[in-house]
Amino acid sequence: MIDTKEEFLCVLRAHLPKQVDADAVIEEFACHIDEACMARLADTGDESGEEALQYVLHQLGSPVAIAARYSGMSSFSFRRCYMFLICANSLFFLTGIGLLYGKEGSSGTGEYIIWQAATQYKEWVLLLYASFWMFAGLYLGRRHGFRIYKRIRAIMWKPLLLNYAFMLGVLFQIVPWQWFSGLLTVPFVFVCIVATLSFPRIAALGCRWGALHTKLE
């Protein structure tokens with residue numbers, strides 16, 4: 001029977017697969033145990049720290065079984081993460097270009113109708129795009145665990161280069177605003193800038209959520 005946090009973490013580290021970033025996993029479990037113990041003490045009010053620790057360790061279960069859950073995780077690759085995000089983000093840009101081209105057609109075309117809907121509900125479109133980065137981080141967190149969590153912001157800058165270039169083009173009017181009639185206004189442009197700069201943090205939140213879910217499920 002495991003009685004201490006140190007013993008739990010030691011056994012967990014010993015049984016983690018080689019492809020897993022053991023330091024990241026151990027650090028996260030150590031923080032989780034500490035936080036869970038504090039929450040348990042706050043909830044009960046009459047338990048000792050030792051009793052709270054025993055409760056948390058019991059809830060976590062066998063460290064050997066937990067380590068076994070990481071065996072199916074794919075090996076971490078910066079290149080794969082970059083390509084996944086770059087390809088997914090490029091699809092959004094290609095879709096936008098297609099709609100931009102199609103809106104010049106007759107009012108009955110599908111592209112024109114979708115463009116008109118996008119201009120009317122542009123805040124929701126931006127929210128949908130932010131959700132994409134949240135779910136992208138969630139997917140990577142579920143797939144790679146805490147190996148990627150601490151690196152997700154560093155990974156994000158390459159896939160977002162297209163966004164930054166487009167943002168600068170709009171700000172300096174290299175990209176004519178007239179192309180986006182009905183969609184871009186000065187307040188909305190600044191909202192988009194803030195959102196774009198927030199995408200790495202949004203992806204990191206999704207990644208943490210996914211990694212935690214992988215760890216505890």
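Here is a walk through this structure, from one of its helices to its cores and its cysteines. Keep in mind that the model is predicted.

Let's start with helix H1, which runs over residues 5-15. Which of its residues are buried? They are Lys5, Phe8, Leu9 and Leu12. These four sit on the same side of H1, because they cover an arc of only 95° around the axis. An α-helix has 3.6 residues a turn, so residues three or four places apart point the same way. On the face turned away from the buried side of H1, you'll find the exposed residues Glu6, Cys10 and Ala14. And what do the buried residues of H1 pack against? Their partners are helix H2 (22-44), helix H3 (49-60) and helix H4 (63-68).

Now move on to the largest nonpolar core, which has 34 residues. The members that touch the most others are Leu85, Trp133, Ile148, Ile152, Met156, Phe180 and Phe199. At least two residues of this core come from each of H5, helix H7 (122-144), helix H9 (152-156), helix H10 (161-171) and H11. H11 gives the most, with nine residues. Apart from this core lies another one, made of 19 residues, including Val20, Cys37, Val56 and Leu57.

You'll find Leu85 in helix H5, which spans residues 78-102. Leu85 has a relative accessible area of 1%, so it counts as buried. Leaving aside neighbours within four places in sequence, Leu85 is in contact with Trp133, Ala136, Leu140, Ile155, Met156 and Pro159. There's also a pairing across the chain to look at: Leu85 and Leu160 are 75 residues apart in sequence, while their C-alpha atoms are separated by 8.7 Å.

Leu160 turns up again around Thr196, a residue of helix H11 (residues 186-216). Not counting residues up to four places away in sequence, Thr196 touches Leu160, Asn163, Tyr164 and Met167. Is Thr196 buried or exposed? Its relative accessibility is 9%, so Thr196 counts as buried.

Phe180 is another spot worth a look. With residues up to four places away left out, Phe180 touches Leu100, Trp115, Phe166 and Val175.

Finally, the cysteines. A disulfide is a covalent bond between the sulfur atoms of two cysteines.

Definitions and conventions: Residues numbered from 1 in each chain as written. Predicted model: local features only at pLDDT ≥ 70, side-chain atom pairs only at ≥ 80, totals over all residues. Heavy atoms only, no water. Buried < 20%, exposed > 50% of the residue type's maximum accessible area, 1.4 Å probe, protein only. Contact = heavy atoms within 4.5 Å. Arc of directions from axis to C-beta. Core = buried A, V, L, I, M, F, W, Y, C linked by side-chain atoms within 4.5 Å.
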